[in-house]
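Have a look at the sequence and the fold, and then we'll start with a single side chain.

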Amino acid sequence: MSSEKRIGILTSGGDCAGLNAVIRAAVHRATLTYGWQVVGIREGTMGLLARPVRYDVLDLGMVSGTMMRLGGTILGTTNKGDPFAFPMADGTVRDRSVEIIGGYRELGLDALIGIGGDGSFAILRRLAAQGGINLVGIPKTIDNDVGLTETAIGFDTAVAVATEALDRLQPTAASHARVMVLEVMGRDAGHIAVAAGIAGGADVILIPEIPYRIESVADKIRQVRQQGRNFALVVVSEAVRTADGKELQREFTGGQKRFGGIGDYIGEQIAAATGAETRVTVLGHVQRGSMPSPRDRLIASAFGVHAVDLIAAGKFDRMVAWQNRQVVDVPLEDAIADYNEVELDGALVRTARGLGICLGD
Ligand code: F6P
């Protein structure tokens, strides 16, 4: 590669708070330190599939000011349309990887920063291997399930939103002597539920990693009442199963299935078992859209800078990661392989148990 480079950056998968702060950081580092040009690719790999290719050249003027405070992604993103099995309008499925690699080549890029979760990384790695793309990954996901990093961008903000929801539910729960159930996102990992549940003073936290018995939950609610408290707060992770092990999902346009419904189910079970007046709040996408928290902005900034430095050092197929208060980098392959679920003997689960929070078991 020449010393003057043109690097691409894209956001892929579900959005979250902090993506714009990463883009800003990468543009700053690339422009100010190395004098390179940064190209923002629109809607993830969909921008590379489009003809003409959809992109913007990102200069310092475009990424200053309010950018790091903005939720979402200025580039747009996609969480559908696997390039290797792309759903066509006629109902068939086609491998369109060559077109995407062609789009990348058209832009004349020396390297690509992909901001995504493990699903996006798997696709980008495959494209990189096939097309000789110099890839660096930056982990983002409110689910915080990417391996080998203590945190992914967006997680901290999602926890703050879920905690604030509990703060807002508590007074109304106390006023009406109710059990409030809060369903949070996180896919198969219960990180948001555990963190927000502890921070928000929940009495019960149910996560996919720990099978629950509704009797344990009901016992906890009775205990709370016996201790003289008239309300209880229950946090349920979206991928928690029903008592008979069923995954509750909802179907959306195009047949896309997403978790949904377990909050209502648990609410009904609690009402039936305890006679408590119960209400359910499904927090949903509110957890993704917000001004990023200071910690997410900080980590996003560190990740953006480090990703550009990796390119400068010619280190590819790596993911930037946060470990022991440092920004480091790890093989992308290892990060994808090491799914990060809630550790049952980890500090947060121990803390929850130490606080007397019922985890359903
Ligand atoms: O992976 C992030 C996430 O927000 C999950 O927590 C949630 O299950 C899913 O995405 C929702 O996806 P969509 O935005 O397609 O509804």
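Is tyrosine 34 buried, partly exposed or exposed? Keep in mind that what you see is a predicted model. In this model tyrosine 34 has 27% relative accessibility, so it counts as partly exposed; the buried class is for residues under 20%, and the exposed class for those over 50%.

Tryptophan 36 itself is buried, with a relative accessible area of 7%.

Now slide over to alanine 30, which sits in helix α1, a stretch covering residues 19-34. Its relative accessible area is 0%, so alanine 30 is buried. What does alanine 30 touch, not counting residues up to four places away in sequence? The answer is Ile7, Gly35, Trp36, Val38 and Val308, so here we meet that tryptophan again, because heavy atoms within 4.5 Å make a contact. For a sense of distance, alanine 122 is 92 residues from alanine 30 in sequence, and their C-alpha atoms are 25 Å apart in space.

Next stop: isoleucine 100, found in helix α4, which runs over residues 97-106. This one is buried as well, at 3% relative accessibility. Leave aside its neighbours within four places in sequence, and isoleucine 100 is in contact with Thr45, Leu48, Leu49, Pro83 and Leu127. Isoleucine 7, one of the residues that alanine 30 touches, is 93 residues along the chain from isoleucine 100, with 16 Å between their C-alpha atoms.

Time to zoom out. The secondary structure comes to twelve helices and 15 strands. Take contacts between residues at least 6 apart in sequence: 72% of them join residues at least 24 apart. Of the protein's 361 residues, 54% count as buried.

How about the overall shape? A compact globule with 361 residues would have a radius of gyration near 21 Å, and the protein has 22 Å, which agrees. Along the principal axes, the C-alpha atoms fill a box of roughly 70 × 45 × 35 Å.

Notes
Residues are numbered from 1 along each chain as its sequence is written. This is a predicted model: local features need pLDDT of at least 70, side-chain atom pairs count only at pLDDT 80 or more; totals for chains, interfaces and linings use all residues. Side-chain values use heavy atoms; hydrogens and water are left out. Helices (H or I, at least four residues) and strands (E, at least two) are DSSP runs, numbered from the N terminus. The radius of gyration is taken over C-alpha atoms; the globule rule is 2.2 Å times the number of residues to the power 0.38. Buried means under 20% relative accessible area, exposed over 50%, partly exposed in between (1.4 Å probe, protein chains only).
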